[in-house]
Amino acid sequence: MWDGFFDPEFILKGLGIQNLTGTIIDLGCGYGTFTILVAQANQGTVVALDIEKEMVVATQKKADQAGLVNIHTVQRDFF
């Protein structure tokens, strides 16, 4: 259901988040909706942060399933 609220590919293209080589931080990664697409569209490392352990686990699981090695998930409060 969450994926139906946004068009993540359209949003990321509009922001110009593609073909980057540096580190990208995803604050509040949630289910990895944007994290996965960002990692696929860029060569740099994506650091995915979320305060909820379940969200970090969900994002890492999606990264593993997609064979992405450029995602580093961290459970952390970034306030």
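Two exercises follow, both worked on a predicted model.

**Exercise 1. Work out whether the length of helix H3 fits its number of residues.**

Step 1. Helix H3 runs over residues 53-66, which is 14 residues.

Step 2. The expected span is 1.5 Å times one less than the number of residues, so H3 should span 20 Å.

Step 3. The end C-alpha atoms of H3 are 20 Å apart, so the two values agree.

**Exercise 2. Find which residues of H3 are buried, and what they pack against.**

Step 1. The buried residues in H3 are Met55, Val56, Thr59 and Ala63. They cover an arc of only 100 degrees around the axis, so they lie on the same side of H3.

Step 2. Turn to the other side of H3, where Lys53, Glu54, Lys61, Asp64 and Gln65 are exposed.

Step 3. The buried residues of H3 pack against helix H2 (33-41), strand S2 (46-50) and S3.

Step 4. Now zoom in on Thr73, which is part of strand S3 (residues 71-75). Buried means under 20% relative accessible area, so Thr73, at 16%, counts as buried.

Step 5. Leaving out residues up to four places away in sequence, Thr73 touches Ala48, Val56, Thr59 and Gln60.

Technical notes: Residues are numbered from 1 along each chain as its sequence is written. This is a predicted model: local features need pLDDT of at least 70, side-chain atom pairs count only at pLDDT 80 or more; totals for chains, interfaces and linings use all residues. Side-chain values use heavy atoms; hydrogens and water are left out. Helices (H or I, at least four residues) and strands (E, at least two) are DSSP runs, numbered from the N terminus. Buried means under 20% relative accessible area, exposed over 50%, partly exposed in between (1.4 Å probe, protein chains only). Contact means heavy atoms within 4.5 Å. The arc is that of the directions from the helix axis to the C-beta atoms.
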